[in-house]
Amino acid sequence: MNSKDLSRRDTMKMLGLGGSAGLLGLFSGPAAAQAREAQGTPSYARAMKPVKITKVRAIATAPQGSNLIVVKVETSEPGLYGLGCATFTQRAEVVLVAINTYLNEFCVGKDVDNIEDMWHGAYVSSYWRNGPVLNNALSGLDQALWDIKGKRAGMPLYQLLGGKVRFAIPCYTHANGNSPEAVVDSVKSIQERGFKFIRIQQGGYGAVGSTAQQPDFKAANFGGPTDNYMNENVYLKAIPELFAAVRKACGEEVELLHDIHERVQPMNAINMIKKLEEYRPFFIEDPFSPENMKWFKQLRMNTSVPIAMGELFNNINEFVEPMVNLWFDFIRIHVSQIGGVTPAMKVARLGEWFNIKTAWHGPGDVSPVGHSAHAHMDLAIWNFGIQEAVQFNDKMLEVFSGCPTMKNGYMSVNEVPGIGVDINEKEAAKYPISTKSNWQVRKFDGTLIRP
Ligand code: MG
C-alpha cells in the first residue's frame, strides 16, 4: 500500500464513511450524516444540523423597580431557545413593538447560527439606524443568538469569545452619602466586603439636589413638581473635597472612581478634573454630554486623569474618532444600547490596539441576562478595565435563575452553556413595567441641563 492509499483510507475513516461512501455516493446530506454517526464519528467531528428561528418575542418585567426587557428567540429545535437583554428602561414599551412586530418578522425562518449576518441585516433593515429603540431590540436578538450558539456548542459564552484571561471579574460598586463623612463610612463598609474599586458620589445621583437650597424656578412654580435641581458650583467645590476626605480616611490603596454624569459646563468639568489629579482617580466618567465631544481635546491637553466615556453613544462608529485620538481610557459601552455582544466585542478589540480598556455600563436597568453577557465578555477580553457591580434583590432572583454572583469584589458566572441565565415567565409577569420616569434636571432659573 502506498502512502496515497493510506492517506485516502485515513481520510475515509476520519469522515466515518469507509466503504459505504461509494454506495452512498455522497459526502453530505441526512444519509451520510446517519452513516457517520453509525460508524462512530466522534460528536466533536459532526456538523451541527441547521436550526431555524420560529419566533422572537419580548418579556417585560420590573422585579427590582427598573423596567427590564428580555428577548426570547425560539427555534425549530425542541427546548432550544436563547435570551438576550434589550432593556431601554425609559422607553420600554416602544422596544416591545420593535421586537414583537419588526424583529420577529425579520428573523422567523432564518438560521440561528449566522449571528454576524443577522446583526447586519437587522441593523440596516430599517434603512435609518442609530436609534436607541432599535439598537436595544437588536442587542436582545444578538445576545439571544450568542446564548443559543453557546447552548449548541455546549460551552459558556466566554469560551466562544476566546476563553478566560482572568479567573473572575474585578468590579466597582457605589459609595454614596450626603456629606464627605457619610461617604467615608460607606467606602469603609464596602472595603470590608472585599471591594478594591469604589465609585464615590455625594448628594444622590449625579449630585443632583446636593444642597438644601430651594431653587428660584421652584418658587416660581416653573417646571414639574418632581423636577430636580442641580447647583453646579456647589457640586464643583464638593467633589475635590470629597476625594481629599476619602483619600485621607481610607488610604492610598483603594481605587476611587467618580461619575460627573455630563451635567456641568465643559470648562468647569476640565477645571474640576485637574483638581482631582493629586487624589489619583482610577477614572472620571462622563465629563461631557454627547453634544460636547469636541471639548475632549481641551480636556486631554489639561489633565492626565484617566477618563471613561461612551454610555450615551448610540452607535459603535461614535467610538472610532475618540479612540484613535486617545481621548479617553475606558470604553463605557451600554451593551444593550450599542447592539449587543457582537458590536461591543469589536469596540473592545479595537481598544486593544490603543491600550484603551473596557468598563461596560452595568446599572440596575440592565437585566441579569445583560449583566451575565457583560461578565462573559469581561472574562475573555485582554484589555478589560473594570466592571460595574450589580446586586440583585430576592424578587429578581425568583424571576431570573443562574444570575452572576459577587464575592470579595469579584463577579463570577456559572459554567452553563450560553449566557447561563434563564427566566421564569410566570414570576416575571408578577412585576409589570411602568411608563413613568422623570429625568428632568434644571438650573436655578429652570433651564434644563443635558445629561
Ligand atoms: Mg455614567
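A: One term before we start: helices (H or I, at least four residues) and strands (E, at least two) are DSSP runs, numbered from the N terminus. This is a predicted model, where local features need pLDDT of at least 70, side-chain atom pairs count only at pLDDT 80 or more, and totals for chains, interfaces and linings use all residues. Residues are numbered from 1 along each chain as its sequence is written.

Q: Great. Where is Y127?
A: Y127 sits in the loop between helix 5 (115-124) and helix 6. Its phi is positive, about 65 degrees, although Y127 is not a glycine.

Q: And is Y127 buried or exposed?
A: Y127 is exposed, because 5 other C-beta atoms lie within 10 Å. The cut-offs: buried takes 20 or more other C-beta atoms within 10 Å of a residue's own, exposed 12 or fewer, and partly exposed is in between, with C-beta atoms placed from the backbone.

Q: What about E262, which loop is that in?
A: E262 is in the loop between strand 7 (255-259) and helix 11 (266-276). E262 also has a positive phi of about 65 degrees without being a glycine, but E262 is buried, with 22 other C-beta atoms within 10 Å.

Q: Switching topic: which residues touch the most other members in the largest nonpolar core?
A: V70, V71, L141 and I198, out of 113 residues in that core. A nonpolar core here is a set of buried Ala, Val, Leu, Ile, Met, Phe, Trp, Tyr and Cys residues joined through C-beta atoms within 7 Å.

Q: Which helix gives the most to this core?
A: Helix 6 (residues 132-153), with eight residues. Domain 1 (53-155) and domain 2 (159-449) both contribute residues, so the core lies between them. Those domain bounds come from an automatic or database domain assignment.

Q: What is L141 in contact with?
A: Beyond its neighbours within four places in sequence, L141 contacts V56, V71, V73, G84, L103, C107 and A122. Contact means that the C-beta atoms of two residues, placed from the backbone, lie within 7 Å.

Q: Last one, G339. What does G339 touch?
A: Not counting residues up to four places away in sequence, G339 touches W119, Y123, N135, L138, S139 and D142. G339 and W119 are 220 residues apart along the chain, yet their C-alpha atoms are separated by 8.3 Å.

Q: And where does G339 lie?
A: In the loop between helix 14 (335-338) and helix 15 (341-352). G339 counts as buried because it has 28 C-beta neighbours inside 10 Å. In helix 15, the buried residues are V341, T342, P343, A344, V347, A348 and G351.
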